[in-house]
Amino acid sequence: MWRHIASNALTFMLLAMFLLGGVILWGKAQYVRTGPLAEAICVEVPRGSSFDRVSKNLVEQGAVSSGPILRIGADYSAKTDDLKFGSYLVEPGASMEEIVDVLTRGGASTCGTEVVYRIGVNRVSVQVRELDPATSKFVERAEFDQTAEEIPEVYTEVKAKPDTRFRVAVAEGVTSWQVTEGLRSMDVLEGEVPEVPAEGSLAPDSYEVRPGDDRAALLAQMEAAQEVLVAAAWEGRDEGLPVTTPEELLILASIIEKETGVPEERRQVASVFVNRLNQGMRLQTDPTVIYGITKGEGVLGRGLRQSELRKATPWNTYVIQGLPPTPIANPGRASLEAAARPDNTDFVFFVADGSGGHAFATTLEEHNRNVAEWRKIEAQQPAQQPAQDN
C-alpha cells in the first residue's frame, strides 16, 4: 500500500512539475511576445512608484495583457528595484520585456513635456512642448521671450513637475556674450559666470539640463564639445590651406557661419575666402565689420554705413589683410568642416541672390552683373536693409 501511495505521489509531483514548467514557458512567451498596444502611449512613472502600481496603469491603458506576468518578469530579470521615475514613450506592439527595459534603463524621459530655452542670434526664447505619442512629434503649448514680463501659466506649471525635461539649444552663429547672457536669464539654472568665454569656444548644440544645474559647468561642457569639433576638423583638413593653426581654422569657420545660412553653400563660401587668402586679397566680409562695432554684444540692427566699412578696427576685413585676430561667433560643425575642406573653385566674389543664397563669380565683371541683379531685387524690397557685396 505504501508503495502504491509513494507511486501516486511521485506521479502527482511529476505532473505538477510538468504543469508548472508549462505555466512558466507560457508566461515567458507572454512576456516576450508582441504586446496588444495599437498606438504609442506616454507612460508616467511618479517618483516613489512601484511596479505594482505601474503594471496596473499599463493594463488600464491596454499596453500589457497581464500585470502579474509583467511584475514576475521584472523580478526574474532583477529589474524590480530599477524603476526610474519620469515619462516614457511606449511604442505600439511593445512586449512586456521591452516595456520593462524602457522603464528601468535610466536616462532622460522620452516623452511628456519638455521646456527648450533657445539662444538665437536675435533673441532668447522659451518653448514649452509636449510629445504626441501617436505621431512622435512635439506639439507646442507655449512660446515666449525669455525677457517677457508676463510668463505663460503653463510654463510655471510644467517647470514644477518632476518629470519635465529641460534643454538649452544654442544656435549656430551666436556669440559667446549672447550665450552667456542667455544662460544668465534662465531661472532654471544657478551659479555665477565670472567671465564670458573666448569667442568661438562654445559648440552650438542642444544640451540637456536639470533644475539647479550650474551655468559655469554648462559653459565648460560647451567648451569641451567645441574643442573636440575643432580638433576633428583640423585633423581632417585639406592640404595646402592658407590657415596654419586650429585657431585660424576656427576664425575662418566663424566667418563662414555668419556669411551664409544655406547649408549647401558653406563649402562654396569657404572656397571664396580660401581663394582670396591665397591670392593676397582682403576678405571684405561685412560680418567682421559688424563684430568690430558690437564686439559680439548684441545685434547691430541696421545696415552698415560707408564710414563703418572704411573705419579701421582689428576685425574690419575691408581694411586689414588676412584673418581677423579672433573668431566673430561660435561656428557649428558644418562650418568647421567647410573651412577644413572647402570646395575646389575659382570663385573670389559672392553677393546675395534674393533667394536666401548667393551668386558666386570668378571675375569682377561677372560679380558686378550679379550685384546689379541683386540691386534690382533689393529695389523691390524697400523695407529691407541693403546687403553689402563681397
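Predicted model: local features only at pLDDT ≥ 70, side-chain atom pairs only at ≥ 80, totals over all residues.

Reader: At what angle do the axes of helix 2 and helix 4 cross, and how do I classify that?

Author: The axes of helix 2 (residues 51–60) and helix 4 (residues 96–104) come within 13 Å and cross at roughly 130°. Angles over 145 degrees would count as roughly antiparallel and 65 to 115 as roughly perpendicular, so helix 2 and helix 4 are oblique to each other. Their crossing is right-handed.

Reader: Which residues make that contact?

Author: Helix 2 brings Phe51, Val54 and Leu58, while helix 4 brings Ile99, Val100, Leu103 and Thr104. By type, that's six nonpolar, one polar and no charged. As for the spacing, an α-helix has 3.6 residues a turn, so residues three or four places apart point the same way.

Reader: What do the buried residues of helix 12 pack against?

Author: Helix 12 (residues 333–340) has Ser335, Leu336, Ala338, Ala339 and Ala340 buried. Those buried residues pack against helix 7 (215–235), helix 8 (246–259) and helix 9 (266–278).

Reader: Where do Gln284 and Lys295 sit?

Author: Gln284 is in the loop between helix 9 and helix 10 (286–294); its relative accessibility is 28%, so Gln284 counts as partly exposed. Lys295 lies in the loop between helix 10 and helix 11 (306–310), and at 41% Lys295 counts as partly exposed too.

Methods: Residues numbered from 1 in each chain as written. Heavy atoms only, no water. Axes fitted to C-alpha atoms, helices over the stretch in contact; angles between N-to-C directions. Helix = DSSP H or I, 4+ residues; strand = E, 2+ residues; numbered from the N terminus. Parallel < 35°, antiparallel > 145°, perpendicular 65-115°, else oblique. Left-handed = near helix turned anticlockwise from the far one by under 90°. Contact = heavy atoms within 4.5 Å. Nonpolar A, V, L, I, M, F, W, Y, C, P; charged D, E, K, R; others polar. Buried < 20%, exposed > 50% of the residue type's maximum accessible area, 1.4 Å probe, protein only.
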